[in-house]
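Student: Hi! I'd like to walk through this one with you, if you have a minute.
Tutor: Happy to, let's bring it up.
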Amino acid sequence: MPGGPRAPRSAVVDLGSNSVRLVVFEGRGRNPLPIFNEKAVLGLGRGLQATGLLNEEAVEQALTVMVRYATVARAMGADPVEVLATAAVRDAANGAAFVAALRERLPDLSIRVLTGQQEGLLSADGVLLGFPEADGVLGDIGGGSLELVELSAGRAGRAVSLPLGAIRLSERVGGDIQRGRAYATEELSRVDWLAESAGRDLYLVGGAWRALARIHIAQTAYPLSIVHHYVLSREEARDLAGVVMAATRRTLERMPGAPTKRLGDLPWAAMVMRRLLRASGARRVVFSANGLREGWYATQIAPAERAREPLIAAAQDLSERFGREPRLPPALAAWTEGLFERESIAEAGLRSAACWVSDIGSHDHPDYRAEHAYFRVLRQPGVGLDHHARAFLAMAVALRYEAGPDAGFLAAARVLLDVPAVRRAEILGAALRLAYTLSGGTPELLSGTALARDGGRLVLRLVEGSGVFAGESVLRRVEALAATLGLEAAVEVAG
């Protein structure tokens, strides 16, 4: 709140072979909240394959950029601030001299040159923050290297770093994509545990791979422009890689979603993705916006915080920022528990999360509450929400605020959800609308009511003298909820 204590901040600089990026995080919550993100594409690793040295021009630029980044981070009150240097700096003959020059200019700045294994395991920490049950293989591609980490039921295992970054690979084979394919196949064949991931998932991290996802999102008119948790089947990923590998630069320039500064890297990233699919036998590709930087953030938060269920944590974050009464959501979860027959654990989790976000439009203009709450949920920064969860929660909260069932802004959610999920969102939205009508958003008034299925009836029970009564709006909303469930509405009053 304005004038209140500010949440703690932390900052990390990812000093990579192609780009240098500063991210400032606010808070120490389960879901990282970046409040500043700036990237400079410098190409420190360009020419490294031939010369063994960092690009001299880029070194000077990097020193200037790093002074700015350190100044920005300190001015924003970030503590700690740390620089993580990756493949180019650790492999270059002048990497140590560059780090020494950086420390001379910024003596108070913490700088770590990561080994390939450290880089991979930090990226795994970032992925697991967003995919706590991840199972398969993590691939993190940069300009200089490719890190592979085995993921088994939410735990990181064996890790390896290969010289298959987009810049290094291109330079090693003289820009010949066919030679690059053979070289990548040979390098991947050395990782004997890759084949154990057959039929599991391939989690992809790195800007070049995120760019491929954005191209696919644009080409298919996918309704949500969020790369994190974007999923492609094995064949979809192979087809996308084939198109990008065969495209001329001019064709790539015309592709919707293709980033201008990464055009040269895209064919190499596509080729490595395709080779990795073949070597691993993965059944699908899952893109992650989390990686090294979020893995570093994960080391800054308490173990108990990190262990929280990410869906509920994200919903609670929204409730804390935009809601009115923190005691009400658990009461709503209990109040709606009997609505759905044969509810799965995942469905119960979504229902609980919907209760947490059900009041986040309370401070918005009443004419726009439904729309604002819908987009606030759909586009929230929570890293543990897949696209289905985003769409379900967004639709449920919009309907709680009386969005018309045919409202145009609901189109994205309807595309992302199947018919049973839409129906569940409609039922839950109607139930929450009734709950707020009865309770005024307070657990005290809600406690004077109960909702239950009784054969072919939906029964609302009210306690006389508790401050709730069956007025016109209550009756109308009980009937609407009962109709959504295919039941008859009934109201009972007890003394």
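Student: Where is the place of Glu402?
Tutor: Glu402 is in the loop between α18 (387–400) and α19 (411–416). Helices here are DSSP runs of H or I with at least four residues, strands are runs of E with at least two, and both are numbered from the N terminus. Before we go on, this is a predicted model, where local features need pLDDT of at least 70, side-chain atom pairs count only at pLDDT 80 or more, and totals for chains, interfaces and linings use all residues. Residues are numbered from 1 along each chain as its sequence is written, and side-chain values use heavy atoms, with hydrogens and water left out.

Student: Okay, and what about the phi of Glu402?
Tutor: Glu402 has a positive phi of about 70°, although it is not a glycine. Most residues other than glycine have a negative phi.

Student: Which loop holds His229, and what is its phi?
Tutor: His229 sits in the loop between α8 (207–219) and β10 (231–233). Its phi is positive, about 75°, and His229 is not a glycine either.

Student: Is His229 buried or exposed?
Tutor: His229 counts as buried because its relative accessibility is 12%; the cut-offs are under 20% relative accessible area for buried, over 50% for exposed and partly exposed in between, with a 1.4 Å probe and protein chains only.

Student: Switching to the backbone, is the peptide bond from Asp79 to Pro80 cis or trans?
Tutor: That bond is cis, with omega near 10°. Most peptide bonds are trans. Pro80 lies in strand β4, residues 78–85.

Student: Now the serines. Where is Ser197, and what does Ser197 touch?
Tutor: Ser197 is in the loop between α7 (177–189) and β9 (201–205). Leaving out residues up to four places away in sequence, Ser197 touches Gly136, Val137, Ser280, Gly281 and Ala282; contact means heavy atoms within 4.5 Å. Ser197 counts as buried because its relative accessibility is 1%.

Student: And Ser466, where is that found?
Tutor: Look in the loop between β13 (457–463) and α22 (472–485). Ser466 has a relative accessible area of 23%, so it is partly exposed. It touches Leu445 and Gly448, not counting residues up to four places away in sequence.

Student: How many Å separate the C-alpha atoms of Ser466 and Leu54?
Tutor: They are separated by 74 Å, and the two residues are 412 apart along the chain.

Student: Zooming out, how many helices and strands does the chain have?
Tutor: The secondary structure comes to 22 helices and 14 strands. Of the 495 residues, 54% count as buried. Among contacts with a separation of 6 or more, 70% come from residues 24 or more positions apart.

Student: And what box do the C-alpha atoms fill?
Tutor: Along the principal axes, that box is roughly 85 × 50 × 40 Å.
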